[in-house]
Every structure is written in C-alpha cells, then in structure tokens.
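Have a look at the sequence and the structure first.

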Amino acid sequence: MTPDDIAELFEVPLETVYQWRKKRTGPPGFRIGKHLRYDPADVQHYVRECKAAPEAA
C-alpha cells in the first residue's frame, strides 16, 4: 500500500501519514528503493491493536 492509500483508508491528510512514520506511531512502513510502502497485513494488525487498546481518559 502507498502512503496515499493509508491516508485514504484512515481519512487523514497525507502529511499525517508522514508524521506517523516520523514519530513511529502509525502502521509500520518500509522502503522499496525510494518508495515508501505499507504491508496490508501490518496495517490490519495496527488497526486491531488500536481497537484493543483501552480508551484514553
């Protein structure tokens, strides 16, 4: 998946996806050459973790 795909999936601006990567808070990404990509299985795992996390007070 591309960063654009992630932004569309989570309905956030593309810049937010890049900030997540910089801060290591979003789904894990990896590089193929100069291109940033996301494994769909990793994205699904990230979503499951977010759903399982207790709500912030």
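Rings of Phe, Tyr and Trp (its six-membered ring) pair up when their centres lie within 6.5 Å; planes under 30 degrees apart are called stacked, over 60 edge-to-face, and the rest tilted. By that rule, the structure holds two aromatic pairs. This is a predicted model, where local features need pLDDT of at least 70, side-chain atom pairs count only at pLDDT 80 or more, and totals for chains, interfaces and linings use all residues. Residues are numbered from 1 along each chain as its sequence is written, and side-chain values use heavy atoms, with hydrogens and water left out.

**The aromatic rings**

- F10 and W20 have ring centres 5.7 Å apart and planes at 85 degrees, so this pair is edge-to-face.
- F10 sits in helix 1 (residues 3-10) and W20 in helix 2 (residues 14-23), so the pair ties together parts 10 residues apart in sequence. Helices here are DSSP runs (H or I, at least four residues), strands likewise (E, at least two), and both are numbered from the N terminus.
- F10 also pairs with Y46: the centres are 6.1 Å apart and the planes at 80 degrees, so that pair is edge-to-face.
- This second pair links distant parts of the chain, with F10 in helix 1 and Y46 in helix 3, 36 residues apart.
- Put together, F10, W20 and Y46 make one aromatic cluster.
- The cut-offs are under 20% relative accessible area for buried and over 50% for exposed, with partly exposed in between (1.4 Å probe, protein chains only).

**Core and helix 1**

- The largest nonpolar core has six residues: I6, A7, V17, L36, Y38 and V43. Such a core is a set of buried Ala, Val, Leu, Ile, Met, Phe, Trp, Tyr and Cys residues joined through side-chain atoms within 4.5 Å.
- Helix 1 and strand 2 are the elements that give two or more residues to this core.
- Helix 1 has P3, I6 and A7 as its buried residues. Seen down the helix axis, they fall within an arc of 100 degrees, so they line one face of helix 1; the arc is that of the directions from the axis to the C-beta atoms.
- What covers those buried residues includes helix 2, strand 2 and helix 3.
- Beyond its neighbours within four places in sequence, L36 is in contact (heavy atoms within 4.5 Å) with residues including M1, P3, Y18 and F30.

**A look at T16**

- T16 lies in helix 2 and is partly exposed, at 25% relative accessibility.

**The whole chain**

- The protein has three helices and two strands, in the order α-α-β-β-α along the sequence.
- Of the 57 residues, 18% count as buried.
- Among contacts between residues at least 6 apart in sequence, 31% join residues at least 24 apart.
- The C-alpha atoms fill a box of roughly 40 × 20 × 20 Å, taken along the principal axes.
- Mean pLDDT (the predictor's confidence in each residue, from 0 to 100) is 94, and 96% of residues reach 70 or more.
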